[in-house]
Amino acid sequence: MKSRLFISGFTLCLLVTFFSCSEPRFSETFIPIEKVDSLGRYCFNLEMTDTAAFYDLSFYSRIDCTASMFQRISEFPLDVTFVSPSEIMYSERVYIPLPAFGKNNFPDFHFYERYRSGLVPVEYGMWKMYVSAPDIKGLRGLGLVVEKKQ
């Protein structure tokens with residue numbers, strides 16, 4: 001009886017250890033506006049090493065401002081530059097639609113917007129991603145959520 005209990009307990013410990021050590025499916029990085037680089041860019045590291053995976057990328061942020069201040073914002077462009085492990089650069093400009101900014105009871109506007117879905121890197125490894133956002137009073141910073149899918 002004791003050996004059966006020991007084996008059951010040992011098996012349970014192995015299962016817990018196995019599943020608790022699995023790689024997380026999501027990673028999230030938020031960079032406050034005070035931490036932009038000398039060129040005013042938000043710098044993210046993207047680990048895209050799994051050849052069997054593809055990735056969804058989403059941006060999020062918050063602007064502390066009143067509704068009247070927010071109405072003066074005409075657009076929210078992001079200049080995105082990817083740098084591959086072999087240092088090849090890929091750049092584009094994307095726009096966060098202003099209706100994506102939700103409003104709650106506080107004096108702020110925030111968004112969570114999908115940027116890329118099903119991204120398969122042309123080269124596997126550690127990528128850099130640099131993002132320039134507009135200079136808007138009250139912008140808290142920029143966040144990136146990476147979801148790894150199999």
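So, pockets: on a 1 Å grid over the protein atoms alone, a pocket is an open set of points with protein on both sides within 12 Å along at least five of seven lines, and lining residues have an atom within 4 Å of a point. What we have here is a predicted model, where local features need pLDDT of at least 70, side-chain atom pairs count only at pLDDT 80 or more, and totals for chains, interfaces and linings use all residues. Residues are numbered from 1 along each chain as its sequence is written, and side-chain values use heavy atoms, with hydrogens and water left out.

Okay, the second largest pocket. It's lined by 13 residues, and F82, Y90, Y115, L119 and W127 lie nearest its centre.

Now the rings. Phe, Tyr and Trp rings (six-membered ring for Trp) pair if their centres lie within 6.5 Å; planes under 30 degrees apart are stacked, over 60 edge-to-face, the rest tilted. Searching the whole structure turns up 11 aromatic pairs. Take F30 and Y60: centres 5.8 Å apart, planes at 25 degrees, so that one's stacked.

On burial, under 20% relative accessible area is buried, over 50% exposed, and in between partly exposed, using a 1.4 Å probe and protein chains only. F30, at 39% relative accessibility, is partly exposed, while Y60, at 16%, is buried.

Then F82 and W127: their ring centres are 6.2 Å apart with planes at 80 degrees, so this pair is edge-to-face. Both F82 and W127 are buried.

And how do the ring pairs link up? They join F59, F82, Y90, Y115 and W127 into a cluster.

Terms used. 1 Å grid on protein atoms, 1.4 Å probe; cavity = no way out; pocket = protein on both sides within 12 Å on 5 of 7 lines; lining within 4 Å.
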